[in-house]
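I opened the model and kept notes as I went. These are the entries, in the order I made them.

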Amino acid sequence: MKTSVINQIKTLLGMEVKLETMKLMDGITIFEADTFETDKEVFIVTEDEQKIPVPIGEYELEDGRILVVEVEGIILEIKEVAIEEEVVEEEAPEVEEEVEAQATPTAKKTIESVVKETFFAEIEKLTQENIELKAQLEKLSKVDEVTNEVTELSDITPISFNPENTNEVEHFQYASKRPRSIMDSILEKISK
């Protein structure tokens, strides 16, 4: 209990948490958990490092134990394989081999189906998002059409210059009553 709380705190703080990993009998599928004990969470690690809760079922681990999951992602128990005395009959070993052969593909198929379900769920979500974005794009293109029509209407009535509306500029002369100097006469000739 203490280790799981410590691991949760480390996860929240972004520190690295070391988890236990075990492989199935097929040697490919990897299970990962804090500890492989009852009532602990267990995940399947996919090729792209994605963690998926383990589906309900029994899984034979590489060391010969059987992992039982009753609630998705939670370990119910880990059974030790009971060593049975070998019977001299030839039919019994064939049946055991068939059961082992059936158990491993079932686990692998279950894991593959979970991975495919998540993959197709992501694809479905992306297609929905794509449809929504296309609808928004259509709305925006309609708004652009309306603004184009408005600009076309403004082009019809251009503004023209009216020559009758001219304002005469009044000239105000400062110190108009002072005597004219030579400089005034020179500046007046230059400005003409």
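**Thr29.** I looked up Thr29 and found that its side chain makes a polar contact of 3.0 Å with the side chain of Asp26. A polar contact is a pair of N or O atoms within 3.5 Å; within protein, one must be able to donate a hydrogen and the other to accept it, and residues adjacent in sequence count only if both atoms are side-chain atoms. Thr29 sits in the loop between β1 (20-23) and β2. Is Thr29 buried or exposed? Thr29 is buried, at a relative accessible area of 9%. Buried means under 20% relative accessible area, exposed over 50%, and partly exposed in between (1.4 Å probe, protein chains only). Not counting residues up to four places away in sequence, Thr29 touches Met22, Lys23, Leu24, Ile44 and Ile111. Contact here means heavy atoms within 4.5 Å.

**What kind of model.** I noted that this is a predicted model, where local features need pLDDT of at least 70, side-chain atom pairs count only at pLDDT 80 or more, and totals for chains, interfaces and linings use all residues. Residues are numbered from 1 along each chain as its sequence is written, and side-chain values use heavy atoms, with hydrogens and water left out.

**The chain.** I counted elements next: the chain has 3 helices and 7 strands. Helices (H or I, at least four residues) and strands (E, at least two) are DSSP runs, numbered from the N terminus. Their order from the N terminus is α-β-β-β-β-β-β-β-α-α. Of the 192 residues, 16% are buried.

**Pro55.** I moved on to the loop between β4 (51-53) and β5 (57-60), where Pro55 lies. Pro55 is buried, with a relative accessible area of 8%. Which residues does Pro55 touch, not counting residues up to four places away in sequence? I listed Ile44, Val69, Glu72, Thr110 and Val114. Thr110 is 55 residues from Pro55 along the chain, yet their C-alpha atoms are separated by 7.2 Å.

**The core.** I then checked the largest nonpolar core, which has 14 residues. Such a core is a set of buried Ala, Val, Leu, Ile, Met, Phe, Trp, Tyr and Cys residues joined through side-chain atoms within 4.5 Å. Phe31, Phe36, Val42, Val54, Tyr59 and Leu67 touch the most other members. Strands β2 (30-33), β3 (42-45) and β6 (66-71) each give two or more residues to this core. Leaving aside neighbours within four places in sequence, Phe36 is in contact with residues including Glu20, Met22, Phe31 and Ile78.

**Asp39.** I found Asp39 in the loop between β2 and β3. Its phi is near 60°, a positive value in a residue other than glycine. Most residues other than glycine have a negative phi. Asp39 is exposed, at 63% relative accessible area.

**Salt bridges.** How many salt bridges are there? I got 6, by the rule that a side-chain nitrogen of Lys or Arg lies within 4 Å of a carboxyl oxygen of Asp or Glu. Arg65 and Asp63 form one of them, at 2.9 Å from N to O. Arg65 counts as buried at 18% relative accessibility, whereas Asp63 is partly exposed at 48%. Lys125 pairs with Glu122, their closest N and O atoms being 3.6 Å apart. These two are 3 residues apart in helix α2 (residues 91-156), so about one helical turn separates them. Glu188 and Arg180 also form a salt bridge, with closest N and O atoms 2.7 Å apart.
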